[in-house]
Amino acid sequence: MSAFVDTSVWFAAAAKRDARNERAKSILRSIDQHLTMDLVLVETWQLLKAQFDAEVAEIFWEQLRDPGVRIEPVIAADLEGARKIERNSREESFSFVDRTSFALMERIGITQATTFNPDFAAYRPGRGRKRPFQILSEGHSQTFLALKQALLERRPVRVSHDGERQTVCPYILGHAAGEERAFALLVEASSSTNRPGQASWICVRLSRIEDVRFADEPWVEQDYPGPVQRCVDQVYLDAKRSTDDG
């Protein structure tokens, strides 16, 4: 999963004393490809130097050499786009860096942004442009991480929710309607009657899971029921397409 990383998240992740430090680092860990632009890096470096010192700012810069970070340069088209956004959104008072970020994201087709800045959610593209940005402001839950490990290692898991226990093979992990979801193969279901169920595809809302444990059973390989699944909109990991993306 790719997402544009805003100054607010870079700063919080680099500043250990920031109240959102752990949250910011969790968000960054949940993204495979970190996209940002040169103006954001300059802004973050300057803020870190002003609030802390040059050493903290330089450590931040060195860490951005990670291959998972893609730094996009601002071009003339982005500056022109920022000018049009300012002209059409005067009531919003977006900063120059934010307007340029919006223009760059639209130019290269990135619709997801990780930010603590409310202006990214307030911005509305003009007529004929894409829908508002999807804001990623939380990292992955422990349940999501457990299912990710199960998917990558091809190991079924036993999940518990609402008094029910199910054994599933998670095939697709991601988000839909602002929540974490898994498209999974249900290989065994049990309740107070302990009646087994046939293998079938289900959509799992991770927020409803109370417990996850690895099952001592073999992974069940099965084709998807059709070309389109309607459980996960933003796919983070797909067992049919990836080995380890993240």
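Helix H5 has buried residues, and what covers them includes helix H6. Here helices (H or I, at least four residues) and strands (E, at least two) are DSSP runs, numbered from the N terminus. Buried means under 20% relative accessible area, exposed means over 50%, and partly exposed is in between (1.4 Å probe, protein chains only). Which residues of H5 are buried? They are Asp78, Gly81, Ala82 and Ile85. These residues cover an arc of only 105° around the axis, which puts them on the same side of H5. The arc is that of the directions from the helix axis to the C-beta atoms. As for length, H5 takes in residues 76-88, 13 residues in total, and reaches 19 Å from its first C-alpha to its last, close to the 18 Å expected at 1.5 Å a residue. That expected span is 1.5 Å times one less than the number of residues.

Before going on, a word about what you're looking at. This is a predicted model, where local features need pLDDT of at least 70 and side-chain atom pairs count only at pLDDT 80 or more, while totals for chains, interfaces and linings use all residues. Residues are numbered from 1 along each chain as its sequence is written, and side-chain values use heavy atoms, with hydrogens and water left out.

Pair it with arginine 20 and you get 72 residues of separation in sequence and 25 Å in space, C-alpha to C-alpha.

Now for helix H3, residues 38-51. Its 14 residues should span 20 Å at 1.5 Å a residue, and its end C-alpha atoms are 20 Å apart, which agrees. Val40, Leu41, Thr44 and Leu48 are buried in H3. Looking down the axis of H3, you'd find its buried residues within an arc of 100°, so they line one face of the helix. Their cover includes strands E1 (2-5), E2 (33-37) and E3 (69-72), along with helices H1 (7-14), H4 (54-63) and H6 (96-108).

H1 is worth a stop of its own. Of its 8 residues, 7 are buried, so H1 is largely enclosed by the rest of the structure. The buried ones are Thr7, Ser8, Val9, Trp10, Phe11, Ala12 and Ala13.

Next, step into strand E2, where you'll find threonine 36. Threonine 36 is buried, with a relative accessible area of 0%. What does threonine 36 touch, leaving aside its neighbours within four places in sequence? Its contacts (heavy atoms within 4.5 Å) are with Phe4, Val5, Trp10, Leu41, Val69, Arg70, Ile71 and Glu72.

Glycine 68 is in the loop between H4 and E3. With 13% relative accessibility, glycine 68 counts as buried. Not counting residues up to four places away in sequence, it touches Asp32, Gln33 and His34. Glycine 68 and glutamine 33 are 35 residues apart in sequence, yet 5.2 Å apart in space, C-alpha to C-alpha.

Finally, the whole chain. The protein chain has 8 helices and 11 strands, and its C-alpha trace spans about 65 × 45 × 30 Å along its principal axes. Buried residues make up 46% of its 246 residues. Among contacts between residues at least 6 apart in sequence, 64% join residues at least 24 apart.
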